Amino acid sequence: MRCDCDYVLTNGELLAEHYDNCRLVWDELHPGKPCPKNADGTIKLLNKHLDNLDVDILYHLGLDTRTYDLPAMFGDVKFVCMGGTKVRMREFAEYMREVLDLPNKGEKLVNLTKHSQRYAMYKVGPVLSISHGIGIPSMTTVLQEVIKLMYYAKVKDPIFFRVGTSGGLGIPAGSVVVSTFGVNGNLEKTYDVPVLGKTRKLPAFLDQRVCQEVQSLSSDDDGFGTFMGGTMGADDFYRGQARLDGPFCDYTEADKMTFLKTLTNMGVRNIEMEATAFSAFTREAGIRASIVCVTFLNRLQGDQVTPSKTTLTEWQRRPMLVVGRYIAQYFKEK
Ligand code: R2B
Ligand code: URA
């Protein structure tokens with residue numbers, strides 16, 4: 001068995017030796033699971049039922065395998081970046097067009113999912129920028145279709161990012177967190193999903209080396225800190241994130257603080273609403289992935305998101321800056 005890491009950063013003694021989806025370490029990290037990757041780096045989906053479909057309709061993307069030549073449309077993709085809102089993901093696509101100095105700057109981008117209307121997807125050169133809405137079911141619906149899209153398009157070794165917003169734990173508002181693992185509402189590092197009446201517990205870990213690479217590109221001149229740590233993926237914005245300001249709350253402020261401190265002691269640095277499932281599904285698909293979120297507030301100090309619209313808009317660009325820098329570095333090294 002040979003190492004098949006296509007390293008993005010090559011100069012890091014402090015970085016993990018392999019990516020988690022490297023063929024050499026796959027069996028150790030995924031005991032009993034075949035590696036879902038072909039020798040050329042394309043995705044190998046292990047669902048045999050897909051072979052029986054004459055046409056596969058990617059319903060929420062408004063695409064299918066019969067009408068569209070998916071390898072021609074998407075075969076050159078390397079980075080898939082997802083985030084909550086349509087506006088932010090259009091902005092990210094425009095930003096990446098500048099960063100990578102791609103042609104047609106200033107031209108209006110086309111939402112490639114416009115028939116379906118649920119999400120937005122933009123393509124600029126090797127970067128796909130896709131909105132996923134709020135929460136795990138909305139995110140996993142589009143994520144799974146995008147994984148199939150990458151499979152049908154025969155994309156090689158794609159890297160997935162989630163660029164998002166969150167509440168921080170003990171770090172200044174406006175900081176950026178690169179997630180190393182996801183934690184669910186029961187403080188477990190799994191995404192728990194019921195399948196055929198039984199809950200499966202899928203490990204919610206992100207690629208360690210990609211996290212380290214992304215974090216290593218941060219700079220003292222950024223004007224904000226970039227931290228590595230765990231991320232709670234809550235199923236609710238209010239009680240599910242130990243807030244006191246929702247319509248319902250029967251616990252005390254002391255109960256809230258005890259819970260948030262337990263999270264902090266586990267190495268959790270921020271709370272959002274997709275981390276567990278995003279980590280678990282990309283990992284199951286053998287896809288390298290990372291989650292980069294800005295924090296809008298320090299949850300040890302409050303619950304309400306108080307900064308002005310202007311400040312929040314500026315802060316939302318921070319994960320884009322961090323991920324954009326990583327993508328630019330990839331093309332500089334290649
Ligand atoms: C962060 O922000 C959204 C809720 O406001 C949610 O999608 C998340 O993960
Ligand atoms: N998004 C969340 O899910 N939680 C926060 O506190 C802020 C943004």
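How far is a polar side-chain atom of Gln241 from a nitrogen atom of ligand 2? The gap is 2.9 Å, and some notes on the rest follow.

1. **Ground rules.** This is a predicted model, where local features need pLDDT of at least 70, side-chain atom pairs count only at pLDDT 80 or more, and totals for chains, interfaces and linings use all residues. Residues are numbered from 1 along each chain as its sequence is written, chains are lettered from A and ligands numbered from 1 in the order in which they are written, and side-chain values use heavy atoms, with hydrogens and water left out.

2. **Ligand 2.** The residues around ligand 2 are Thr165, Ser166, Gly167, Phe237, Gln241, Arg243, Ile271, Glu272, Met273 and Leu297 (a residue is near a molecule or strand if one of its heavy atoms lies within 4 Å of it). A backbone N or O atom of Gly167 is 3.5 Å from an oxygen atom of ligand 2. On its own, ligand 2 has 240 Å² of accessible area, and the protein covers 92% of that (areas come from the Shrake-Rupley method with a 1.4 Å probe; for residues, only the protein chains shown count as cover).

3. **Ligand 1.** Around ligand 1 we find Ile134, Arg162, Thr165, Phe237, Glu272, Met273 and Glu274. Oxygen atoms of ligand 1 pair up as follows: 3.3 Å to an N or O atom in the Arg162 side chain, 3.0 Å to an N or O atom in the Thr165 side chain, and 2.8 Å to a polar backbone atom of Met273. Of the 260 Å² of accessible area that ligand 1 has on its own, the protein covers 80%.

4. **Domains.** The assignment gives domain 1 (53-156) and domain 2 (164-334), with bounds from an automatic or database domain assignment. Their centres, taken over C-alpha atoms, are 23 Å apart. Domain 1 puts 23 residues into the contact and domain 2 puts in 24 residues (contact means heavy atoms within 4.5 Å).

5. **The cores.** The largest nonpolar core has 83 residues, and Phe74, Leu149, Met150, Phe160 and Phe161 have the most contacts inside it. For the record, a nonpolar core is a set of buried Ala, Val, Leu, Ile, Met, Phe, Trp, Tyr and Cys residues joined through side-chain atoms within 4.5 Å; buried means under 20% relative accessible area, exposed over 50%, partly exposed in between (1.4 Å probe, protein chains only). Helix α4 (residues 136-152) gives the most to this core, with nine residues. Another core lies apart from it, with 10 residues, including Ala234, Ala242, Leu263 and Ile271.

6. **Phe161 and Met121.** Leaving out residues up to four places away in sequence, Phe161 touches Phe79, Val80, Cys81, Met82, Val210, Val214, Phe278, Ser290, Val292, Val323 and Tyr326. Met121 belongs to strand β4 (residues 121-124) and is buried, at 0% relative accessible area. Beyond its neighbours within four places in sequence, the contacts of Met121 include Leu61, Phe74, Val110, Ile130 and Leu149.

7. **Helix α5.** Arg209, Val210, Cys211, Glu213 and Val214 are buried in helix α5 (residues 208-216). (Helices, H or I with at least four residues, and strands, E with at least two, are DSSP runs numbered from the N terminus.) The buried residues of α5 pack against β6 (159-168), β7 (176-183), β10 (226-233), β12 (288-298) and α8 (309-333). Asp207 caps the N-terminal end of α5, with a side-chain oxygen 3.0 Å from the backbone nitrogen of Arg209.

8. **Asp56.** Worth a look: Asp56 lies in the loop between α1 (23-29) and β1 (57-58), and is buried at 6% relative accessible area. Its side chain makes a polar contact with the Lys148 side chain (2.9 Å). A polar contact is a pair of N or O atoms within 3.5 Å; within protein, one must be able to donate a hydrogen and the other to accept it, and residues adjacent in sequence count only if both atoms are side-chain atoms.

9. **Thr276.** Helix α7 (residues 275-284) holds Thr276, which is buried at 2% relative accessible area. Not counting residues up to four places away in sequence, Thr276 touches, among others, Ile136, Val183, Tyr191 and Gly233.
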